[in-house]
Amino acid sequence: MIISVEKAVTAQNDLIAARLRERLGDEKVFCLNLIAAPGAGKTSLIEKTIAGLGGRFGILVVEGDPRTSLDGDRVTAAGARAFQINTLGGCHLDARMVQVELDRADLGAVDLLIIENIGNLLCPAAWDLGEDVRVVVSSLPEGADKPLKYPETFSLAQVLVINKIDLGPFLPVKAADIRAAALRVNPGLEVFEVSCLTGAGLDQWLTWLGDRVGQKMAELGPKDPLPRSGPSRDPLG
Amino acid sequence: MHEMPFTQALIELALDKAEGKKILKIHLRVGWLSSIVPESVQVFFDHLSRDTLAEGAALDFEFVPISLACQACGRVLDLPYQPSRNPRQALAQAFRDGCPCGAGKLSLAGGLGFDVAGVEIEDSV
């Protein structure tokens, strides 16, 4: 006897993520899921975001790393609350890990939740964390071939931040090349070009993010949970 | 390593659907462009299904074509699965070739998911 299932393998994770999304909607917390290769500058972007928006919004950061609390310490030093998850080798965060952290958080004073995923361009893509917006950070030295090599990650994101544009004069790759390759895989991407070192381009990022956080805070009533499960988890299909 | 959490999740999903019956076969649908390697899923499955009702079940993989949408004419092109070809190369080639309409750029529109299509269970006696 054959039982029809027609569900994404990740259906259980999608269910937990949908509940998280609902809770964050009720609490009016705008949530980012930051995905990037190790060293692309996720934590630097978070530090700059805290510096730029920390005065206006309550910011909570959930830090994912295989080991150490180094990033959590950087976030704390930058002036925001941080929960550090250590996956002990696990290559991505899943919704249950985030749920455990949020269950011990009082979200009353939080307007912006930033989840920094494990440094990895491959594995985090399939695991919904209940975020409003998924951001890929790709830095100039990584080259322009990453969108084609990791299409899941780029096609599932809504925003691309190209970091380290200050290195432009020293590298053959141009930010425009990365932008074009990413738009090929996902024409709907919103793209920001920044340098977390010099501060170039960060104003546009902060303006965009501040607007989105403000919009979420102004929403009336409980938000409808987004239906994420269902047969074709293929986000593009 | 990449396939381990997926394999654990698919076993849990299949066991849930089988409702206490022995599982004979699990039908899986893999996007050709997804980063899922069936051989690796099989290795993890053999270990993770041990001592469960899914132990010994066959895994059947069906590949879903990569699909590309033309941004000018709206046409959707499928790149059917070819076992001997690297899907990323196929995708790059299709991007270079563009749409037969000659006008539009192609963008990725499908071929990434990993689904459990169905579960074959032992008939009740």
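Guide: Let's begin with a term: a residue is buried under 20% relative accessible area, exposed over 50%, and partly exposed in between (1.4 Å probe, protein chains only). This is a predicted model, where local features need pLDDT of at least 70 and side-chain atom pairs count only at pLDDT 80 or more, while totals for chains, interfaces and linings use all residues. Residues are numbered from 1 along each chain as its sequence is written, chains are lettered from A and ligands numbered from 1 in the order in which they are written, and side-chain values use heavy atoms, leaving out hydrogens and water.

A salt bridge is a side-chain nitrogen of Lys or Arg within 4 Å of a carboxyl oxygen of Asp or Glu. Over all chains, the structure holds 12 salt bridges.

Now find B:Arg29, whose side chain meets that of B:Glu62 in a salt bridge, 3.6 Å from N to O. This pair links distant parts of the chain, 33 residues apart: B:Arg29 lies in strand 1 (residues 23-31) of chain B and B:Glu62 in strand 2 (residues 58-64) of chain B. Strands are DSSP runs (E, at least two residues), as helices are (H or I, at least four), numbered from the N terminus. B:Arg29 has a relative accessible area of 23%, so it is partly exposed. B:Glu62 counts as partly exposed too, at 42% relative accessibility. Salt bridges that share partners join A:Glu6, B:Arg29 and B:Glu62 into one network.

Over in chain A, A:Arg23 forms a salt bridge with A:Glu27, with 4.0 Å between the closest N and O atoms.
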